[in-house]
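Please look over the structure shown here before reading the briefing, which moves from the chain as a whole to two local arrangements.

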Amino acid sequence: MRKISEGAEACIYKTMMLGRNAIIKYRVEKSYRVMELDSDLRERRTRNEARIQAELYEIGVRVPSVMLAGRHFIVMNEVAGETLNKIKMIESGRGSTAIRIMSEAGSLLARIHDHGISHGDFTTANLMLDRNGRLWVIDFGLSAFTNSAEDKALDIILMKRSVGEKLYSHFIKGYVGGTAEAGSVLKKLEEIERRGRYQTRTLSVG
Amino acid sequence: MITVGIESSAHTFGVGVVEDGKILSNVKSMYKISDKGIIPMKVADFHQKNAARVIRRALKESEAERIDAIGYTKGPGLGPCLRVGQLSALTLSRITGAPLYPVNHAAAHIEVTRHLFGLHDPLVVYVSGGNSQILGLENVPRRHYHVYGETFDIGVGNMLDSFARAAGLKPAWGSSVARLSEGGRYMRMPYTVKGMDFTFTGLLTNAIGLLKSVDKRDVAFSLQETAFSMICEAAERALLLTRKREVIACGGVAQSTRLKKMLGLMAGSHRAKFYAAPDEFNSDNGAMIAVVAEKMHSNARRSSGTMDYGVKQRYRIEDFDIYWR
């Protein structure tokens, strides 16, 4: 077992399980939180993440399949690929592949939303392109079962901030084409933006 | 070089004097808040009555014999209050002939902390009444404080104030919530973090609703722990994303001992150093405005475009250029 990354919330280890390459996501203890809040959060989030990921896998959304889940860890199938924020072509926003991928990302999010789920951190860092050019959604650590237009609109805002205007327009096209509920979500999005915060923001790190 | 800074964005009228980076004086007059909160026009009247006295005292304490530059808070803040500081600065500028510099209030809280500890590129946790943001310097398109994450609804300070009023506590509310929470026990409350953003209204509504049926101490304790944990989590995510080596907290709520302790632990766990200025610079004050105005004055040739000597109630920090080191 080898540690491959240390995120804000969890450590990721690489291992083998049932003869397949697997990833272990372990939610780390945080000394800054009171113990009750800390263990409550870690447990709830782990359970929630495993449940949502398993459910999306069931309905055929490309997410890593959950092999095993414990109180503070999840073992899942490894997806071999690169996250979109690390792919130059997507960063620069040029080419028909970038356009296809963003539009696919839009329709993927639409499917997730239609199933009553919000991702919670839907950025290019959590979309992965595998060797066969297929797009996967990863990291459901902040996801939730919800039908609120606001939660869904926030997913879109996060993506809007993580890509340029042109790619965002293709993303939105894919989203609108994928769900009948797009109208109310986009209306909510405008409302959130009108609240005054967020007016001049674009993401320049990552 | 001697610079005077005038701050009046909310209930404090503050004047500070700085000489070549050294803070010579930092005088404040604070409007006493009633249980109902702030009425901008009344506070502005109060500032108007005190302005000349506070300026004179700050100058006297500093023993400055001349003035080379003057800064004032352009925003964000309450319009009528900002106007008093702006007019005082304009008047002082007319009398002395010293040039005038409009300063962003939030940037001043950050810059004074960066200045005091000599930091280059910290991750910033700016927590005040009206705002709660996670920020850092970015160079594109111009050097400015970029907002990585922030509250989607209300600032953490105002959230604590609203709770304190509902619980019948006395101002200053932030510290009275902290006192009430001593010995309290944790109970689960709505915890909402979305990436590096967060919301407080759900938490506030829940806490106020519990006041009727649950021990006040437990409610206060859980509210404070939950809110501060949310801020820490958002900051932690930003720290790992930006890989900065230093974390600072500033703004009114950065006076909270508990929040500073939590942020210190969080930063330490990622081998980053944590800093917070003494309380005198985290509550509103004129010295921080003077510190920024001095940097603006000595780097004036690098500044882009002309200056606008107005006030701006909603002055976003991204729109304020940081053209000095």
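**Chain B: overall form and local packing**

A compact globule of 325 residues would have a radius of gyration near 20 Å, and chain B, with 20 Å, therefore agrees with that expectation; the radius is taken over C-alpha atoms, and the globule rule is 2.2 Å times the number of residues to the power 0.38. The model is predicted, with local features requiring pLDDT of at least 70 and side-chain atom pairs counting only at pLDDT 80 or more, while totals for chains, interfaces and linings use all residues. Residues are numbered from 1 along each chain as its sequence is written, and chains are lettered from A and ligands numbered from 1 in the order in which they are written.

**Chain as a whole**

- The C-alpha trace of chain B spans about 60 × 45 × 30 Å along its principal axes.
- Chain B contains 10 helices and 12 strands, where helices (H or I, at least four residues) and strands (E, at least two) are DSSP runs numbered from the N terminus.
- Of the 325 residues in chain B, 55% are buried, a residue being buried if 20 or more other C-beta atoms, placed from the backbone, lie within 10 Å of its own, exposed if 12 or fewer, and partly exposed in between.
- Among contacts in chain B with a separation of 6 or more, 77% join residues 24 or more positions apart; a contact requires C-beta atoms, placed from the backbone, within 7 Å.

- Strand β2(B), residues 12-19, is mostly covered, with 7 of its 8 residues buried.
- Strand β1(B), residues 2-7, pairs with β2(B) in the antiparallel sense over 6 bridges, pairing being assigned if DSSP finds at least two bridges between two strands.
- These two strands, β1(B) and β2(B), form a hairpin with 4 residues between them, and B:Ile2 stands opposite B:Glu19 in β2(B).
- Strand β3(B), residues 22-30, pairs with β2(B) in the antiparallel sense over 8 bridges, and B:Val18 stands opposite B:Ile23 in β3(B).
- The hairpin of β2(B) and β3(B) has 2 residues between the strands, and B:Asp20 takes a positive phi near 45° there.

**Helices α3 and α10 of chain B**

- Helix α3(B), residues 105-117, packs with helix α10(B), residues 287-298, at an angle of about 80°, their axes lying 8 Å apart.
- The helices α3(B) and α10(B) are therefore roughly perpendicular to each other, a term covering angles of 65 to 115 degrees.
- Residues meeting across this pair include B:His109 and B:Glu111 in α3(B) and B:Met288 and B:Ile289 in α10(B).

Notes. Axes are lines fitted to C-alpha atoms, for helices over the stretch in contact, and angles run from 0 to 180 degrees between N-to-C directions. Angles under 35 degrees count as roughly parallel, over 145 as roughly antiparallel, 65 to 115 as roughly perpendicular and the rest as oblique. Two residues are in contact if their C-beta atoms, placed from the backbone, lie within 7 Å.
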